[in-house]
Amino acid sequence: MVELLITNIIYVAYRLAITAHVVKFCHKVMPYSFAVILAAQLSFIYDAGLFAVFFDAQSLPLVMEIVQANIMYTLRVGLAWAFIYWLWHIRGLNYYLAVFIGAEATFIVDYFIFDGVY
């Protein structure tokens, strides 16, 4: 249980320290949806490694499992950032608070996405 808590803290800290800034910076020069897709691909690489350590992966998964997980993950990221955008622009929350809420809300979904891979 402590390992899951530590994984959650690392996961959310990455969202606040890296992904939030990537999306906010890229949103200045490109549409929000493209910024989210770029951040999703960077996050997928990071999260794959994080959950590989959490699940004690002994070998690399099959390529099709990685592709399937990436597709599900990218769709999940798109929905999460739409939720974050709603919290941020429509509800008027602070950007980083919206990212924190979105990260916590989606951590469990990512847990199951990567549980199926490792």
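The legends below describe several close-up views of a predicted protein model.

Residues are numbered from 1 along each chain as its sequence is written. In this predicted model, local features need pLDDT of at least 70 and side-chain atom pairs count only at pLDDT 80 or more, while totals for chains, interfaces and linings use all residues, and side-chain values use heavy atoms, with hydrogens and water left out.

**View 1. Confidence along the model.** The mean pLDDT (the predictor's confidence in each residue, from 0 to 100) is 87 for the protein, and 97% of its residues reach 70 or more.

**View 2. The largest nonpolar core.** This core, a set of buried Ala, Val, Leu, Ile, Met, Phe, Trp, Tyr and Cys residues joined through side-chain atoms within 4.5 Å, has 31 residues, and Tyr 11, Val 23, Tyr 32, Phe 51, Trp 81, Tyr 95 and Phe 114 touch the most other members. Helix 1 (2-29), helix 2, helix 3 and helix 4 each give two or more residues to the core, and the largest share, nine residues, comes from helix 2.

View 3. Ser 43 lies in helix 2 (residues 32-54) and counts as buried because its relative accessibility is 3%, where buried means under 20% relative accessible area, exposed over 50% and partly exposed in between, with a 1.4 Å probe and protein chains only. Leaving aside neighbours within four places in sequence, Ser 43 is in contact (heavy atoms within 4.5 Å) with Tyr 14, Arg 15, Thr 19 and Tyr 73.

**View 4. The ring pair of Tyr 14 and Tyr 46.** Rings of Phe, Tyr and Trp (its six-membered ring) pair if their centres lie within 6.5 Å, and planes under 30 degrees apart count as stacked, over 60 as edge-to-face and the rest as tilted; the whole structure holds nine aromatic pairs. In one of them, the centres of Tyr 14 and Tyr 46 are 3.8 Å apart and their planes are at 10°, so the pair is stacked. Tyr 14 belongs to helix 1 and Tyr 46 to helix 2, 32 residues apart. Tyr 14 is buried at 13% relative accessibility, whereas Tyr 46 is partly exposed at 28%.

**View 5. The pair of Tyr 95 and Tyr 96.** These two rings form an edge-to-face pair, 5.1 Å centre to centre with 80° between the planes. Tyr 95 is buried, with a relative accessible area of 4%, while Tyr 96 is partly exposed at 30%.

How values were computed:
Helices (H or I, at least four residues) and strands (E, at least two) are DSSP runs, numbered from the N terminus.
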